[in-house]
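User: Hi! I would like to learn how to read a few local features of a protein model, from backbone angles to helix packing. Could you walk me through them?

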Amino acid sequence: MSPQRRILLVDMDAFFASIEQAHHPHLKGQPVIVCGDPSRRGVVTAASYEARPTGVKAGMPLQEARRLCPGAHYVEGDPEKYVAISLALLNLYLGVTPDVEPFSVDEAFLALQGRHGTREASLAIAADLKRRIAERFGLTASIGIGPNKLIAKMAAGLEKPDGLTDLDEEGFRRAFWPREAQSMWGVGPQLAIRLQTLGIATVGDLARAPAEALQAAFGIIGPQLREAAWGHDDTPLVPYHEGVEAKSMGHEVTLPEDCDDPVFLEGTLLRLSDQVGRRLRTEGYRGRTVAVKLRDRRFTTRIRQRALPEFTADHRPIFDTARALWREHWNGEALRLLGVTVSSLARAGTCDQTELFAPDARAERLRDALDRVRDRLGEASLVPAGTLTHRRRLGHVPFGPVSGQRSPERT
């Protein structure tokens with residue numbers, strides 16, 4: 001990559017929790033844990049830096065978080081607020097450069113070119129961006145700078161919170177080669193264990209490992225991991241204005257209590273499948289691969305997937321496949337969480353259109369009509385009939401109002 005081009009990764013610090021602290025002054029300097037409804041069972045969505053020394057982290061059960069940090073403030077998350085601030089931040093970044101790629105709700109890559117792409121200029125721009133974020137939003141960001149997305153991403157995590165780190169490839173190797181292999185972007189716990197069986201404990205070990213041995217063990221991803229350990233990355237930055245295509249769409253839910261009732265679980269799968277199909281149609285996608293996620297009381301998670309014969313955005317084949325996967329891989333043990341995801345996505349106008357010309361054209365027209373009703377009256381206006389028997393028990397999956405309620409539940 002040209003020395004006149006630098007990549008920035010802007011990573012907002014404890015984004016959700018920091019927003020709550022900024023909007024509620026009495027929470028500043030206090031341990032804050034963002035979650036779903038604090039009165040119900042669930043997991044930690046985000047923890048402020050004041051809460052993290054106790055061991056609380058995202059994804060932890062609330063019960064465990066309360067044990068570790070009993071004095072924390074538990075705040076129900078507000079996704080609409082977080083997304084609105086995320087979009088405002090993107091507009092701020094676009095004032096710096098048109099080459100902005102959102103990476104998540106709290107992260108974005110920026111490309112600086114020409115005279116702005118020198119090391120000195122990029123550091124000055126990053127420092128000014130941090131100042132503007134603090135002044136406008138009352139939030140801090142950690143920014144990593146590098147010659148590619150990989151190094152920028154990993155540099156951003158070195159000095160959190162409120163950090164600013166610039167690394168070239170040599171600096172990357174000095175910083176990360178002594179670290180555990182799992183510190184590499186994209187290397188999770190299971191992959192790290194597999195690497196250890198090959199005698200690879202650190203990022204430096206991974207960089208020096210024979211490419212042939214890595215390919216034999218991991219396939220094409222093996223040599224790619226080795227290149228990444230050297231700081232090499234040619235992943236393109238896709239600017240925000242060009243759009244970023246979705247790779248998958250899914251919904252998952254933590255059940256109100258561990259459950260081994262097959263009727264209840266099947267109803268939950270049906271509602272989740274309906275939500276996924278609805279989202280696919282709304283955003284103009286079709287998908288060919290259905291995955292079901294099962295998590296038991298011991299937090300053992302299994303994800304199983306199956307390809308469909310054709311692209312679809314209809315909840316019925318999604319549910320049929322999810323139900324079949326669940327039945328095949330559920331051992332009868334009580335489950336804590338269920339999820340349904342559709343991947344291998346393509347835009348509705350570019351993928352296989354056999355679904356549109358299926359013999360059951362009346363069902364297709366009915367589905368479109370029901371979507372229009374939902375567009376007008378809201379998601380709660382229509383739900384799959386198969387979920388009505390357990391509608392009250394399935395309140396953990398948003399349905400809208402049930403008897404005695406005046407307003408729809410938040411979806």
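**Backbone first, then helices**

Analyst: Happy to! Bear in mind that this is a predicted model.

User: What is the phi of Asp162?

Analyst: Phi of Asp162 is near 60 degrees, and that is a positive value in a residue other than glycine.

User: Where is Ser344, and what is its phi?

Analyst: Ser344 lies in the loop between β12 (335-343) and β13 (346-347). Its phi is positive, about 55 degrees, although Ser344 is not a glycine. With 40% relative accessibility, Ser344 counts as partly exposed.

User: Now the helices. How is a packed pair described?

Analyst: Two packed helices are described by the angle between their axes and by the distance between those axes. Take helix α3 (residues 79-94) and helix α4 (residues 119-137): their axes come within 11 Å and cross at roughly 140 degrees. Angles over 145 degrees would count as roughly antiparallel, and α3 and α4 are therefore oblique to each other. Their crossing is right-handed.

User: Which residues make that contact?

Analyst: From α3 come Ile85, Ala88, Leu89, Leu92 and Tyr93, and from α4 come Leu129, Arg132, Ile133, Arg136 and Phe137. By class, the residues of the contact of α3 with α4 divide into 8 nonpolar, no polar and 2 charged.

User: And how do α7 and α9 cross?

Analyst: The axes of helix α7 (residues 189-197) and helix α9 (residues 211-218) come within 12 Å, crossing at roughly 125 degrees. These two helices are therefore oblique to each other, and the crossing of α7 and α9 is right-handed.

User: Which residues meet there, and how many are charged?

Analyst: Leu191, Arg194 and Leu195 in α7 meet Leu214, Ala217 and Phe218 in α9. The residues of this contact of α7 with α9 comprise 5 nonpolar, no polar and 1 charged.

Notes
Residues numbered from 1 in each chain as written. Predicted model: local features only at pLDDT ≥ 70, side-chain atom pairs only at ≥ 80, totals over all residues. Heavy atoms only, no water. Axes fitted to C-alpha atoms, helices over the stretch in contact; angles between N-to-C directions. Helix = DSSP H or I, 4+ residues; strand = E, 2+ residues; numbered from the N terminus. Parallel < 35°, antiparallel > 145°, perpendicular 65-115°, else oblique. Left-handed = near helix turned anticlockwise from the far one by under 90°. Contact = heavy atoms within 4.5 Å. Nonpolar A, V, L, I, M, F, W, Y, C, P; charged D, E, K, R; others polar. Buried < 20%, exposed > 50% of the residue type's maximum accessible area, 1.4 Å probe, protein only.
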